[in-house]
Amino acid sequence: MGKDVIIACDFPGKSETLAFLDKFTGRKPFVKIGMELFYAEGPDIVREIRSRGHKIFLDLKLHDIPNTVKSAMKVLSRLDVDMCNVHAAGTSPMMRAAIEGLTRDDGTRPLLIAVTQLTSTDQKTMEREILIERPIDEVVMSYALNAKNSGLDGVVCSPLEAEEVHTACGWDFLTVTPGVRFADGDTGDQKRVMTPLEANRIGSDYIVVGRPVTKAEDPVAAYERCVREFCD
Ligand code: C5P
């Protein structure tokens with residue numbers, strides 16, 4: 001598992017997504033398919049992007065009772081994706097059920113990672129709205145340890161937390177970090193952000209980058225800038 005840049009393909013439909021991917025002549029970036037695209041196009045969009053040779057992170061953030069998550073993961077296990085995820089807030093029994101559902105009859109499965117706290121949530125919002133009064137990094141670490149102890153492969157977390165997650169859970173426990181912005185770019189609704197270069201230095205395994213690439217005037221150049229800063 002090497003370091004890689006994952007592009008969040010947050011597009012409303014197939015035509016916009018494929019037009020975007022067509023710009024990458026000769027390159028096959030690792031692609032994240034999230035709720036918007038999956039709900040619009042269904043599993044066929046996963047098969048289509050896969051058949052074009054991209055690795056896929058299917059970001060559906062499952063969060064429900066263990067039995068429901070297990071059954072849903074069984075369905076997703078039939079799609080040939082590389083990574084998928086659940087919310088750690090669903091707790092350990094749900095995460096263990098997710099692994100069970102995702103594991104195919106031959107014992108293989110995609111990587112399974114857990115969302116800790118969304119990078120759009122900050123300490124104040126967490127206290128006011130979710131009524132969690134502990135420091136956000138303590139909450140993230142506790143979720144990460146639950147994920148690790150449930151057999152998951154890593155977490156989605158802010159790049160600001162990646163180093164601490166590695167210290168607590170080991171360096172082979174993956175950190176997948178959205179909330180990435182160029183030093184000279186807008187932060188938008190992301191509250192806990194870092195540049196690709198900083199994310200590299202603190203040891204993120206994968207960065208997930210959406211708008212800084214998808215909304216760039218030259219998306220390929222923006223992607224290549226991410227790769228240069230993060231992977232070199
Ligand atoms: O456009 P931007 O770079 O903010 O996109 C970040 C992507 O990462 C979005 O698809 C968002 O859903 C996802 N994500 C996130 N924070 C998390 C988990 C996933 O921003 N904690």
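These entries record what I looked up in one predicted model.

**Entry 1. Ground rules**

I worked on a predicted model, in which local features need pLDDT of at least 70, side-chain atom pairs count only at pLDDT 80 or more, and totals for chains, interfaces and linings use all residues. Residues are numbered from 1 along each chain as its sequence is written, and side-chain values use heavy atoms, with hydrogens and water left out.

**Entry 2. The barrel**

I began with the strands (E, at least two residues) and helices (H or I, at least four residues), which are DSSP runs numbered from the N terminus. In what order do the eight strands close into a barrel? I read the order as E1-E2-E3-E4-E5-E6-E7-E8, with parallel pairing. Neighbouring strands of this sheet are turned by 25 degrees against each other on average, direction ignored. Helix H11 (residues 219-231) packs on the sheet, where it touches strand E1 (4-8) and E8, and its direction makes about 145 degrees with that of E1. Such angles run from 0 to 180 degrees between N-to-C directions, and the axes are lines fitted to C-alpha atoms, for helices over the stretch in contact.

Strand E7 (residues 174-177) and strand E8 (residues 206-209) run parallel and are joined by two bridges; two strands pair if DSSP finds at least two bridges between them. Val 176 stands opposite Tyr 206 in E8. I noted that strands of a sheet pair through backbone hydrogen bonds, either parallel or antiparallel.

**Entry 3. Helix H5**

Helix H5 (residues 91-102) has 12 residues and reaches 17 Å from its first C-alpha to its last, close to the 16 Å expected at 1.5 Å a residue. The expected span is 1.5 Å times one less than the number of residues. Among the buried residues of H5 I list Met 94, Met 95, Ala 98 and Leu 102. The buried residues of H5 pack against several elements, including helix H4 (66-76) and helix H7 (136-149).

Ile 33 lies in strand E2 (residues 30-33). It counts as buried because its relative accessible area is 0%. Leaving aside neighbours within four places in sequence, its contacts (heavy atoms within 4.5 Å) include Phe 38, Ile 45 and Leu 58.

Asp 153 is found in the loop between H7 and strand E6 (154-156). Asp 153 also counts as buried, because its relative accessible area is 19%. Which side chain does a polar contact of 2.7 Å join to that of Asp 153? The partner is Arg 109. A polar contact is a pair of N or O atoms within 3.5 Å; within protein, one must be able to donate a hydrogen and the other to accept it, and residues adjacent in sequence count only if both atoms are side-chain atoms.

**Entry 4. Positive phi**

Most residues other than glycine have a negative phi. Lys 61, in strand E3, has a positive phi near 45 degrees. Leu 131, in the loop between helix H6 (123-130) and H7, has a positive phi of about 60 degrees. Lys 61 is partly exposed at 23% relative accessibility, whereas Leu 131 is exposed at 65%.

**Entry 5. The ligand**

Polar side-chain atoms of Asp 10 and Arg 211 each lie 2.7 Å from an oxygen atom of the ligand. A polar backbone atom of Gly 210 is 2.8 Å from a ligand oxygen atom.

How values were computed: Buried means under 20% relative accessible area, exposed over 50%, partly exposed in between (1.4 Å probe, protein chains only).
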